Amino acid sequence: MGYPHKSHPRETPILSKYFGDPEARTLEGWKARGGYKALPDALATDPVAIQNVVKESGLRGRGGAGFPTGLKWSFMKIGDGKPHYLCCNADESEPGTFKDREIMRWTPHALIEGCAIAAHAIGAETCYIYIRGEFTEPIAIMERALEEARAAGVIGDNAMGSGKKVNIWVHRGAGAYICGEETALMNSIEGKRGNPRIKPPFPAVAGLFGMPTTINNVETLAAVPHILNNGPEWYKAMCLGSPKSNGSKLFSVCGNVAKPGNYEVVMGFSFKEFLYDLCGGPLPGRKFKAIIPGGSSVPVITIEEAEQVKMDYEGFMEFGTMLGSGGVIIFDDAQSMPKQLARLARFYAHESCAQCTQCREGTAWMTKILERICAGQGTFEDLDTIFELTENMTGKTICVLSDSCGAPVCSGITRFRGEFEALITGKRSSTVAVG
Amino acid sequence: MSHGPSATGGADIQGAPHGHHDDPHVPVFTAGSAPRAKLDDILSRYPTKMAGLLPALWIVQDERGWISEHAMKEVGDVLGVTAAYVKGVVTFYTMYHQHPVGKYFIQVCTTSCCNCMGAEDVVKAFLEKTGCGELGLTSPDGKYTVIEVECLGACGFATPIMVNDDFVDSVSVERVPEILKKYS
């Protein structure tokens with residue numbers, strides 16, 4: 001199935017196979033679709049052995065950073081006598097990204113099984129699923145599914161009769177993009193302002209409540225049962241590009257495109273075929289112009305560049321951008337890049353937690369400059385100032401929100417300088433990409 | 001991640017002429033009450049009391065529609081933290097209302113992905129048709145408050161909005177009257 005479109009024959013629906021199928025939401029329905037097959041075995045397996053299977057599979061974090069999941073799990077020292085915690089990051093707030101929402105809406109038990117396996121693999125008895133406050137529907141669906149799983153003894157103090165304790169709870173956020181940053185997320189669960197923490201210590205050493213903690217994205221955890229059921233080789237073999245990027249990946253597609261929605265393809269898929277075939281190309285009478293391929297925090301590329309990309313971690317990096325969260329934002333030739341980038345900068349200015357000066361002042365200043373340019377009151381020096389500002393905002397703060405503001409803006413100015421210059425000189429806005 | 005209602009133009013400070021008050025404050029978490037039982041159940045999931053803060057604030061907002069300074073003090077007393085600490089947390093998260101809002105609190109996503117699909121026109125339509133006129137102001141009949149919100153995480157379904165706890169996606173200018181009819 002698919003949602004909101006039928007699955008395209010060239011998709012590889014593993015996580016998205018039951019999107020749009022309301023019966024998959026119930027415990028019984030999920031079991032009938034092959035769910036909860038991996039968990040009983042996993043609970044009877046040594047945690048380190050599970051870590052190794054996930055390591056071999058090549059699974060990398062689907063939240064944006066792409067860190068190898070099995071390796072992350074192996075940082076948790078099993079048997080150190082401390083309580084361990086698993087946090088599932090369902091804060092999904094990166095503009096352009098809406099894949100975790102669909103996983104939770106349609107296949108909540110897939111996430112529960114993934115959480116339970118991961119908790120066991122890192123020696124945790126408690127998992128918190130941190131869901132952004134605005135996701136009222138996914139929260140209600142997850143709560144219902146968790147209650148069902150608890151009542152059936154799938155999770156709880158004696159999960160599946162294994163004698164193992166796996167408790168999973170939903171923790172609702174309350175409106176803060178920054179809480180998707182893992183250390184801010186932990187602070188938020190602890191009942192604090194969502195300010196990111198300085199690392200080190202890393203969460204695996206001192207995380208939630210000061211205890212060893214692993215934070216994984218929804219999509220990452222939902223992939224785990226499939227890896228255990230089918231074996232690491234199966235997952236690793238799903239690879240059309242770089243051998244360092246394996247498995248299937250959900251891409252959320254939005255903006256000026258014929259068929260926005262979620263698409264699941266094997267890593268390394270051709271971006272050109274993805275955009276024109278799966279997503280149906282541009283809207284009638286329009287042309288694609290610019291693409292932010294991995295959520296709003298990654299650099300913008302031109303459609304000419306995008307058409308050459310292979311959709312995996314390395315493929316996007318080759319063109320100076322990133323796969324990120326897989327949130328593909330498309331702007332067509334009817335859009336003003338200065339306007340859209342100014343709007344994005346405003347997003348970061350609004351969401352800065354304001355701890356670090358470079359970010360608090362930088363994001364606001366950058367927004368001011370961009371809005372000035374859009375209002376026809378910009379100067380050429382303004383463009384230089386943005387680059388200088390970005391240099392001071394990159395790699396100098398506690399978290400990467402600050403870097404994330406500069407990335408799309410500077411790449412946008414570099415690639416669509418003509419549009420900015422046209423606004424500065426008062427000429428008609430150019431829609432031609434340069435550079 | 002809303003931009004928050006700006007209507008009161010000031011803090012809910014004691015004695016402030018335009019601040020909102022809930023005098024006398026009727027406690028939310030009285031012994032034996034349903035909210036208290038709900039909070040106690042939630043607290044059993046965490047090793048610290050403070051971790052119950054966000055859930056406790058949600059309970060207050062569900063019960064009262066907003067979180068007054070008195071309520072912040074009450075939550076602080078229940079969880080063993082100061083009222084000032086609670087306020088520090090409340091002010092960090094944009095979904096907690098520090099002032100009363102309209103019966104229907106409408107949040108329209110206008111971040112880039114929705115912006116390029118016409119979200120600004122949707123905002124204008126809501127402001128006009130609700131009689132709010134301006135972002136953050138409540139309509140004269142007390143029914144609506146309209147604000148812009150940063151990315152609601154449903155970018156492929158531009159433009160998503162929230163009406164209180166209801167999520168409505170694929171909202172166009174044309175659909176605004178029909179939505180307001182439902183929430184009237």
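**Close-up 1. Helix α5 of chain A, an enclosed helix in a predicted model.** In this predicted model, eight of the eight residues of helix α5 (residues 99–106) of chain A are buried, so the helix is largely enclosed by the rest of the structure. A residue is called buried here when 20 or more other C-beta atoms lie within 10 Å of its own.

**Close-up 2. Helices α14 and α17 of chain A, packed against each other.** Helix α14 (residues 337–351) and helix α17 (residues 401–415) of chain A pack at an angle of about 175°, and their axes are 10 Å apart. That angle makes α14(A) roughly antiparallel to α17(A), because angles over 145 degrees count as roughly antiparallel. From α14(A), the contact uses A:Met337, A:Leu341, A:Leu344, A:Ala345, A:Tyr348 and A:Glu351. Facing them from α17(A) are A:Leu401, A:Ser404, A:Cys405, A:Pro408, A:Val409 and A:Gly412. Sorted by class, the residues of this contact are nine nonpolar, two polar and one charged.

**Close-up 3. The open sheet of chain A.** Five strands of chain A form an open sheet in the order β6-β5-β11-β8-β9, with mixed pairing. The edges are β6 (261–266) and β9 (301–302) of chain A, each with a single partner strand, so one side of each is left without a neighbour in the sheet. Further in, strand β5 (residues 248–255) and strand β11 (residues 327–332) of chain A pair in the parallel sense over four bridges. To get your bearings on this pair, look for A:Ser252, which stands opposite A:Gly327 in β11(A).

**Close-up 4. A:Pro243 in a loop of chain A.** A:Pro243 sits in the loop between α10 (232–237) and β5 of chain A. With 12 other C-beta atoms within 10 Å, A:Pro243 is exposed. A:Pro243 and A:Gly268 are 25 residues apart in sequence, and their C-alpha atoms are 9.2 Å apart in space.

**Close-up 5. A parallel strand pair in chain B.** Now for the other chain: strand β1 (residues 104–109) of chain B runs parallel to β2(B), and six bridges join the two. A handy landmark is B:Tyr104, which stands opposite B:Tyr144 in β2(B). Strand β2 (residues 144–149) of chain B has five of its six residues buried, so it is largely enclosed by the rest of the structure.

**Close-up 6. Chain B and its contact with chain A.** Chain B is divided into domain 1 (34–90) and domain 2 (104–182), and the centres of these two domains, taken over C-alpha atoms, are separated by 29 Å. The contact between the chains takes 36 residues from chain B and 45 residues from chain A. On the chain B side, the elements that give two or more residues are α2 (53–64), α4 (83–90) and α5 (112–115). The residues of this side of chain B divide into 22 nonpolar, eleven polar and three charged.

Conventions. Residues numbered from 1 in each chain as written. Chains lettered and ligands numbered in written order. Predicted model: local features only at pLDDT ≥ 70, side-chain atom pairs only at ≥ 80, totals over all residues. Contact = placed C-beta atoms within 7 Å. Nonpolar A, V, L, I, M, F, W, Y, C, P; charged D, E, K, R; others polar. Pairing = 2+ DSSP bridges. Axes fitted to C-alpha atoms, helices over the stretch in contact; angles between N-to-C directions. Parallel < 35°, antiparallel > 145°, perpendicular 65-115°, else oblique. Domains from an automatic or database assignment.
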